Amino acid sequence: MQFAILGPLMVVAVAEFLIGLVGNGVLVVWSFVGWVRKCRGSSFNLIVLGLAGCRLLLQCMIMVDLFLFPISQGSCWFLRLSASWAVVSQVSLWFATFLSLFYCKKIATFEHPAYLWLKRRACGLSVGCVLGCLLINLLLILQKGLKPYSPSQGNSSQAYPHSSRHYLYILQFNAGSGLPFAVFLISSGVLIVSLYRHHKKMKVHTAGRNDAQATAHITVLKSLVCFLVLYLVYIVASPYSIIAKLPPVSLTHMFISETLMAAYPSLHSVILITGNPRVKQACGRVLRKAVRACRA
């Protein structure tokens with residue numbers, strides 16, 4: 001009965017992994033080539049490169065967990081994998097936040113002194129925030145999450161006492177995602193307000209004409225809304241995945257939650273590709289070359 005449930009879930013997880021592998025792989029190659037070709041590099045290419053790279057790592061960790069956890073429950077190697085998973089997940093969220101800040105900086109139109117001050121210092125403030133948060137998380141993981149278990153710290157007769165305590169620590173570490181998520185929501189809100197102000201101001205002047213700036217606003221907001229939905233599914237399913245690994249282990253709940261979580265890094269890459277004409281064209285060229293190579 002359990003295999004009848006886990007089998008289809010594994011098929012879906014593998015399909016998500018393959019979609020994300022292709023999508024994030026295309027983004028990594030495109031952003032790296034674009035970054036190298038430009039003399040000073042492009043902040044957009046660098047952000048997409050970091051985001052796609054983190055998503056690839058995140059997908060690999062989810063797949064390793066799904067395939068090997070049922071036969072290696074409570075092993076020390078998996079405890080360290082879960083700690084690395086928490087760090088990579090937060091780094092991925094920070095890169096997504098950087099992307100929303102980049103869109104906000106390029107598209108939003110405000111003349112308020114506070115906004116202009118933040119716009120000039122966005123890069124330095126963002127890097128400082130992410131380095132500070134990652135340093136705190138790494139210190140917490142080294143201090144609590146990865147220290148060896150001592151029998152005096154708990155009842156050694158319980159099944160996997162160290163594993164239970166470790167996964168509860170990982171659940172607490174995920175609270176560190178609050179800051180980048182809040183910044184993402186604020187930047188998305190600024191874009192919405194900017195679109196409303198632009199539409200209100202240009203309503204009369206753009207009658208019957210194509211408003212390029214409004215189109216850019218809407219395209220970016222669609223991408224951010226899709227990311228928001230996928231990330232909300234990810235953070236809602238994440239605690240269930242952690243709790244399912246605590247004794248008594250529930251493989252069914254773990255597979256369901258992690259299959260839902262895998263949609264976040266895989267489907268968002270497809271959204272980024274379809275929302276960017278340059279990446280879409282590059283992906284089309286690669287696919288055409290691959291088809292011609294297969295036919296040859």
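The axes of α2 and α9 come within 10 Å and cross at roughly 155°. Angles over 145 degrees count as roughly antiparallel, so α2 is roughly antiparallel to α9. The crossing of these two helices is left-handed. The model described here is a predicted one.

On the α2 side, the contact is formed by L51, R55, L58, Q59, I62, D65 and L66. These residues meet M254, F255, E258, M261, A262, Y264, P265, S266, H268 and L272 of α9. By class, the contact of α2 with α9 comprises eleven nonpolar, three polar and three charged residues.

L66, which takes part in the contact with α9, also belongs to the largest nonpolar core of the protein. This core has 60 residues, and those with the most contacts inside it are L66, L99, Y103 and L191. At least two core residues are supplied by each of α1 (2-37), α2 (43-68), α3 (76-107), α7 (178-202), α8 (212-244), α9 (251-275) and α10 (277-295). The largest share, 14 residues, comes from α3.

From the N terminus on, the order of elements is α-α-α-α-α-α-α-α-α-α. Of the 296 residues in the protein, 44% are buried. Among contacts with a separation of 6 or more, 78% are accounted for by residues 24 or more positions apart.

Notes. Residues numbered from 1 in each chain as written. Predicted model: local features only at pLDDT ≥ 70, side-chain atom pairs only at ≥ 80, totals over all residues. Heavy atoms only, no water. Core = buried A, V, L, I, M, F, W, Y, C linked by side-chain atoms within 4.5 Å. Buried < 20%, exposed > 50% of the residue type's maximum accessible area, 1.4 Å probe, protein only. Helix = DSSP H or I, 4+ residues; strand = E, 2+ residues; numbered from the N terminus. Axes fitted to C-alpha atoms, helices over the stretch in contact; angles between N-to-C directions. Parallel < 35°, antiparallel > 145°, perpendicular 65-115°, else oblique. Left-handed = near helix turned anticlockwise from the far one by under 90°. Contact = heavy atoms within 4.5 Å. Nonpolar A, V, L, I, M, F, W, Y, C, P; charged D, E, K, R; others polar.
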